[in-house]
Amino acid sequence: STHFAFVNPQIELIGTGEENQNFKVSLPQSQYLLRVYSKYHSTTGRRSRMQIEQEHRFIKHLVDQGIHTPIPLKNQHGELLFETDEERFAALFQFFSGGHPAEYTHQVAHNIGSLTRRIRLASSSFREEQGRQWKGNDISSYMELFHAVKEQFEPAHLIILDQISSLVES
């Protein structure tokens, strides 16, 4: 409420990663995603305001490249990113609802592979030195991840993972 003029929002935790927490903020006429960033990152150490702002510029770059993704919104002080306390930053995003596909089809596999390729191409055209840049060996790591998770999928889904893998590789 200090940063946005919301009156009685409904706030629900929807996801917690190693470094971030995500909340769905619901108002009578709209919904938002509030991301609370830890200032500490498990792999890179301390994360600065500049690094998170760069992530936001990359998100904007993805949108400019035609990739549909939520973007951060300015608060009532004109900021995209604000400090909540000495340990965390936060940003409010457009809310996009989503979920898992009802069925894993060839089209779903194609869409995942195609989107991954588009994000990789957009990453290569981002003109800033990124904190996390896709390189050739990242694709290898990505493929290793697919092969590792295959054991946890039903046999009917293995062909879908193979399709995603081949689309990512190409």
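Hi everyone, let's start with burial: of the 170 residues in this chain, buried ones make up 32%, where buried means under 20% relative accessible area, exposed over 50%, and partly exposed in between, with a 1.4 Å probe and protein chains only. This is a predicted model, so local features need pLDDT of at least 70 and side-chain atom pairs count only at pLDDT 80 or more, while totals for chains, interfaces and linings use all residues. Residues are numbered from 1 along each chain as its sequence is written, and side-chain values use heavy atoms, with hydrogens and water left out.

On to the overall layout. The chain has 4 helices and 8 strands, which are DSSP runs numbered from the N terminus: H or I with at least four residues for helices, E with at least two for strands. Reading from the N terminus, the order is β-β-β-β-β-α-β-β-β-α-α-α. Among contacts with a separation of 6 or more, 52% join residues 24 or more positions apart; contact here means heavy atoms within 4.5 Å. The accessible surface is about 11200 Å², and carbon and sulfur atoms account for 51% of that. Those areas come from the Shrake-Rupley method with a 1.4 Å probe, and for residues only the protein chains shown count as cover.

Now the helices. The expected span is 1.5 Å times one less than the number of residues. On α1, the buried residues are Ile52, Gln54, His56, Phe58, Ile59, His61 and Leu62. Their cover includes β3, β6 (72–73), β8 and α2 (106–124). Just after α1 comes Gly66, with a positive phi of about 85°.

As for α2, its 19 residues reach 27 Å from first C-alpha to last, close to the 27 Å expected at 1.5 Å a residue. Val108, Ala109, Gly113, Thr116, Ala122 and Ser123 are buried in α2.

Next, a few single residues. Where does Asn8 sit? Asn8 lies in the segment before β1 (10–16), and it counts as exposed because its relative accessibility is 67%. Asn8 is not a glycine, yet it has a positive phi of about 50°. For context, most residues other than glycine have a negative phi. Pro28 belongs to the loop between β2 (20–26) and β3. With 76% relative accessibility, Pro28 counts as exposed.

Is Ser38 buried or exposed? Ser38 is buried, since its relative accessible area is 19%. Its place is in strand β3. Beyond its neighbours within four places in sequence, Ser38 contacts Glu19, Asn20, Arg47, Glu87 and Arg88. From Ser38 to Ser48 is 10 residues in sequence and 9.7 Å between C-alpha atoms.

How much space lies in the second largest pocket? About 240 Å³. On a 1 Å grid over the protein atoms alone, a pocket is an open set of points where a 1.4 Å probe fits, with protein on both sides within 12 Å along at least five of seven lines, and lining residues have an atom within 4 Å of a point. The second largest pocket is lined by 14 residues, and Ser1, Phe4, Ile11, Leu34 and Phe82 are the closest to its centre. The elements giving two or more residues to that lining are β3 (31–38), β7 (82–85) and β8 (88–94). The lining divides into 10 nonpolar residues, 4 polar and no charged. The volume is the space filled by probe spheres set on the grid points, which are joined across faces, edges and corners.

Definitions and conventions:
Nonpolar A, V, L, I, M, F, W, Y, C, P; charged D, E, K, R; others polar.
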